[in-house]
Amino acid sequence: MARVEDSNLTVEECGFSFSFTDFPEDVQLCVLSFLMPSEIATFACTSKRFVSLCRNDDKLWFAMCDRRWGLKTQITKWVKGDTSYKLLYKTLSEWENLIGFWRRSGTGTTDISSPLLIFFEWGSSCLTGSRVSPSNNGTYNVIKAPFLFMSLSSEGQEVIFLDPDGRSELYEDFSNSRCFDYLEKDLIPVNLSFMGKTHFVVEEDLTFGYSNSRGQRRNGVQRSSSSANLVLEDGGVGDVDSIEPEFGSPGSLPDRLMSEIYQYFANRTSPVRDRSSRRQRRKEKERQARRKWEAQHFVKIVNYSHTHSRPLQGLWKGLYDDLNLGLYLVEYDGIGGISCRKVWNSSENIASYGPVFWTSSTSFVESPFSAEEESLYYSRIHHRPLPATDFILECSSLRESNTVSRILSVNSSFDLVIPHLAGATANPRHVEGRVWQYVDGTFGFGFLRDNFIIDLKHVSENGSLVDAVEFSGH
């Protein structure tokens, strides 16, 4: 009997060879689940026997959905009726861009039905967008109230409902698919139209319940025809699926503008068209009279959480100078600077978006610190709410406060909005400040002209809101 003298022989040198077809089907499906839909389509073109494998909805496309979103939502609860996992993969790929914080663009109203800040997160079988606002009860709590519910119907259609009253009890109903009777729940069917990746519009769907020329409901997520970069591949196998352009929802700016242009020229040349246009305008007025929600635009807060290279970046919460809880947004700009702005003041219930501090240098001073820097820190008191108490100004000491790991010099908002106040005639202490980063990753800031430090805390961590309390009342 021959012996293998060299244990380092390769498979080919031993006379053995394996191909992808030699693996069991379960192993093949596991390998394919790591691919993207476009790669699946390309792979299916290599062999006829792989076409049926790539079309396996219950195994391959379920595995792809579960691998990508299985730890964030319950994949099996999304699929019901005629919904396929392939369709689910495409839908969740589009909706995944919504995860995170969005702020309202424009003035609008201050009523709760018109939220200033929305936080999208995964539910068990839906995507939810919640209103987020700072509390005014003397704590770091933020108020969370339902706003949008997004899911798939049993026919595989995207359905989006808006809750104008922020009722928390409807979340469970929607997750269990019991709130599609929106008339009884007073929910408003809406369309969500993307305008690029960082801007969307929420409009009431006045055509909900009706069918378009293909018998499909139009409620759902729409794409702007100019946003070609957002069109995801359908993931068809064996051939390239045709993708038809989707336009804005009824009444959106592109459709309405083209309709008005067409009617203008038609009215000048055709009396018949003039009568038809009057009927259309009358129907449009009747439809507008039924409107319960005015269209709102929202812009994404792209970098709402910190990173290792950008430790101060993100959305933070802390006390303003008036001792009311507010939200701060810290951003790193393209020229190496850091800016901090106020996003929302709970006492005024408005989006102020005013500048707070700015620096052109991101070089921190590391420990140990000079005696002067230690004096600047220890001589100040902290604006920091304590649980179950009113606002308290907590004295600073090495034992009572967070340990400072490093320090950054900043300038006040005067340099941003009133440059001459930072000139030679102004006291440098009026515009100079510090950021004290603590060992736990949070930070506080203050200016030399003041005797206090505003300590900031994370609004969200690991995809969830921190210190969130459900909204009660109207």
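Arg434 is buried in this predicted model, its relative accessible area being 7%, where buried denotes under 20%, exposed over 50% and partly exposed the range in between, with a 1.4 Å probe and protein chains only. Arg434 belongs to strand E18, which covers residues 432-438 (strands are DSSP runs of at least two residues and helices runs of at least four, numbered from the N terminus). The model is predicted, and local features need pLDDT of at least 70, side-chain atom pairs count only at pLDDT 80 or more, and totals for chains, interfaces and linings use all residues. Residues are numbered from 1 along each chain as its sequence is written, and side-chain values use heavy atoms, with hydrogens and water left out.

Across the whole structure, 20 aromatic pairs are found, a pair being rings of Phe, Tyr or Trp (its six-membered ring) with centres within 6.5 Å, called stacked if the planes are under 30 degrees apart, edge-to-face if over 60 and tilted otherwise. One of them joins Phe445 and Phe447 in an edge-to-face arrangement, with 6.2 Å between centres and 70 degrees between planes, and both residues are buried. Ring pairs also connect Trp102, Phe120, Phe147, Phe200 and Phe298 into a cluster.
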